[in-house]
Amino acid sequence: MRGSREVLNMFAVALLIMWINAAVQEAKGGLSPELRTEIDEANKKGPYLGLVIANAFELNPLLHSPNYTGTKITIDFAGKRFRFGAIGDKAVILVMTGLSMINAAITTQLLLSIFDVKGVIHYGIAGNANPSLNIGDVAIPHYWAHLNLWSWQRYGKGPEDKLPLEENGDYTREIGYLKFADYTSNLSQTTTYDDNLLNNIWYQPEEIFPIDGIPEERQHAFWVPVDPQYFEISKKLEGLKLEGCINSTTCLSTTPKVVRVERGGSSSIYLDNAAYRSFIYHKFNVSPVDMETAFVALICLQQRLPFIAFRALSDLAGGGSAQSNEADTFSSLAATNSVAVLLHFINILT
């Protein structure tokens, strides 16, 4: 009897240890056996197009579209919900990232690490830094960059001075800088200000570690191109009819259009400032500005997967004549237009 009790106690302890390990694994975001089975079953129906969306108000128009067919399959993991469905004959996975570049990067990496994905499409709204474009337009940039990685130069140093760790290859002056003194509020055409305690910020490329590279051997990337085939196909989206009215009384003064542009930029800031808007447009030829796309692009670059982004312009990033930001009025219209472009693109994708 004593031996049997010891066996039972040992069995109970073993079960407890297994339970604790499973709980710890789950708490750390690990894949439980049940979750692995769900993922394996889902991947049998792949490969998928991965649709990465920042917010619920950008996701909902797609979920409610008659052109999207959802399935009963959803997989919840690490705080993310992966929805499975189809657009036409294309199998898709939808996942919402949440606001900001870190959320976009984490979500995209999870998507590509767990599921059988053959390409990534990111869509949503953005601010507009390009004075030739208008609210409601959908911009399709050829390149994306993270514009919020800086080397902030100490006061007293200038363009001729090396940055700290520049000789090690950590930082560079090749991309360019913003001089805060150029934006002193009482600056006139006849007066120049050479000094400002904030001095200069130098734009920096991201360190990347491609999946087909040598681990821990870094490369650098600033302007990340979208997939060339995807970009070529996107020509066919020009001329697509888009929404111009929120309701019978609130309409845009221009007819929205789909425009392929040179560059888009992402930062960990919500841009609503006319001076900085003008600076990044003239410095970098940036059109849409947002808080997510560049990091989706960087993850796809490192994983060597095709990528493209469609960003509908909801506001003028501080460059409009109104006192309030236009996104308060036009976000829903812009989100609807971005979904229209997404659906049409997937339908013509071969």
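Reader: Which residue in β15 does V138 stand opposite?

Author: This is a predicted model, where local features need pLDDT of at least 70, side-chain atom pairs count only at pLDDT 80 or more, and totals for chains, interfaces and linings use all residues. Residues are numbered from 1 along each chain as its sequence is written, and side-chain values use heavy atoms, leaving out hydrogens and water. Strands here are DSSP runs (E, at least two residues), numbered from the N terminus. In β15, V138 stands opposite A312.

Reader: How many bridges pair β6 with β13?

Author: These two strands pair in the parallel sense. One of the bridges has A139 as the partner of V259 in β13. The number of bridges is 8.

Reader: Which residue of β12 is the bridge partner of Y143?

Author: β12 spans residues 224-225. It runs antiparallel to β6, and 2 bridges join them. The partner of Y143 is P225.

Reader: How many residues of β6 are buried?

Author: Buried means under 20% relative accessible area, exposed over 50%, and partly exposed in between (1.4 Å probe, protein chains only). β6 runs over residues 138-146 and is mostly covered. The count is 7 of its 9 residues.

Reader: In what order do the strands of the open sheet with β7 stand?

Author: The sheet has 3 strands, with antiparallel pairing. Its edge strands are β7 (150-152) and β8 (177-179), each pairing on one side only. The order is β7-β9-β8.

Reader: Which residue of β9 stands opposite Y177?

Author: β9 covers residues 200-203. It runs antiparallel to β8, with 3 bridges between them. Opposite Y177 stands W202.

Reader: Is N199 buried or exposed?

Author: N199 is found in the loop between β8 and β9. Contact means heavy atoms within 4.5 Å. Beyond its neighbours within four places in sequence, N199 is in contact with residues including Y155, L178 and F180. Its relative accessible area is 10%, so N199 is buried.

Reader: With which side chain does the side chain of N199 make a polar contact of 3.5 Å?

Author: A polar contact is a pair of N or O atoms within 3.5 Å; within protein, one must be able to donate a hydrogen and the other to accept it. Residues adjacent in sequence count only if both atoms are side-chain atoms. The partner of N199 is N200.

Reader: Which strands do the buried residues of α6 pack against?

Author: Helices are DSSP runs of H or I, at least four residues. α6 covers residues 274-284, and its buried residues are Y276, R277, F279, I280, Y281 and F284. They pack against β5 (117-128), β7, β8, β9, β13 (258-266) and β14 (286-290).

Reader: Which residue follows α6?

Author: At the start of α6, a side-chain oxygen of N273 reaches to within 3.1 Å of the backbone nitrogen of A275. After α6 comes a residue whose phi is positive, near 60°. That residue is N285.

Reader: Over which residues does pLDDT stay under 50?

Author: pLDDT is the predictor's confidence in each residue, from 0 to 100. The protein chain averages 90, and 88% of the residues score at least 70. Where pLDDT is low, the predicted coordinates should not be read in detail. The stretch under 50 is residues 19-28.

Terms used:
Two strands pair if DSSP finds at least two bridges between them.
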